[in-house]
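Could you help me learn to read a structure like this one? I would like to go feature by feature.

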Amino acid sequence: MRRVRRDGGHLELVATRIAREMLLPGAEGMRANRFPLAASLGQCCGGIVELWFERYKSSDTQRLAHAIQLRSSGASAEAIAAHASRDSRAVRYERFSPDDTALWLFGAGHVGRALVNILAPLPFAITWVDSRESFISVIPGATHAAPPVIPGAAIAAVARDPISRLHAPHPADEVSAMPPGAWALVMTHSHDEDLAICEALLARGAFGWAGVIGSGAKTTRFRQQLARRAFDAATIARLTMPIGIPGIGSKEPAAIAVAVAAQLLQLREARAVGVHQDPLPGPLPLRDRSPREREKFEAPLPGEREKFAR
């Protein structure tokens, strides 16, 4: 078990060699190593990394299964470590309590699928919601790699899937099931669904952060529609529209997903140190954009002139 900042391949090479040596007959079963990130590792990063190594045997299966149950029930790190390791020092090195951000992703279109692939190995517990029938049995294009399964059925639950999939004919109705403080991303295949989800989020008001995909034109129209539904400007401003870090202009789904994932990671880290507002600058005002960009953002979206006139 280890909690480690990744600082280059040589440290991992040394750690792997130590772990393999511990598998040899007669080797010690657990140890802690302290590595200065300096010339001895061929690095100049500075700082110290401490790694905890522990060898498990088949006889440890039941004990580890109990540790997994404790983790699922929200037990303290110390209580979990008491079963997950034979040495109390392990709690210093292993984060036994999950620190994932609850994220509800509404929409399984091209961007949603690309985003799930990026976020799957990152510290997010994703509830993925879509209204289409195809979402029930097959998630089109979901190619994220599952974590490796640890031998032994009783401990295979360690390799958890961070994504819960939910088919909902009316996704806006699922907002009431979001835990307080959960984050939301709205990017369904339907602008009507997006708007209904936004309305449900603002009406409940219990989300920690929410972002909505779309162009500047969609953003303007959504704000107008929400204002007509009696939401004041301060309430509407809780929705981040558009989403994604600035400076990435590509419309490729994968590129948009990268920009959104980067925004989520920046926001998560900012809040971890006590900054509770979105640390990212907003998009450039239209007056500061080129004439071509202004024309793109001010033009009606295809088929929306009649939709938003309602």
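Q: What should I know before starting?
A: This is a predicted model, where local features need pLDDT of at least 70 and side-chain atom pairs count only at pLDDT 80 or more, while totals for chains, interfaces and linings use all residues. Residues are numbered from 1 along each chain as its sequence is written, and side-chain values use heavy atoms, leaving out hydrogens and water.

Q: How many residues does helix H6 have?
A: Helices are DSSP runs (H or I, at least four residues), numbered from the N terminus. Helix H6 covers residues 216–228, which is 13 residues.

Q: Which residues of H6 are buried?
A: Buried means under 20% relative accessible area, exposed over 50%, and partly exposed in between (1.4 Å probe, protein chains only). Among the buried residues of H6 are Lys218, Phe222 and Leu226.

Q: How many salt bridges does the structure hold?
A: Side chains of opposite charge can pair when their charged atoms come close. A salt bridge needs a side-chain nitrogen of Lys or Arg within 4 Å of a carboxyl oxygen of Asp or Glu. The structure holds seven.

Q: Which side chain meets Lys218 in a salt bridge?
A: That of Asp194, at 2.7 Å, N to O. This pair links distant parts of the chain, with Asp194 in helix H5 and Lys218 in helix H6, 24 residues apart. Asp194 and Lys218 are both buried.

How values were computed: Helices (H or I, at least four residues) and strands (E, at least two) are DSSP runs, numbered from the N terminus. The expected span of a helix is 1.5 Å times one less than its number of residues.
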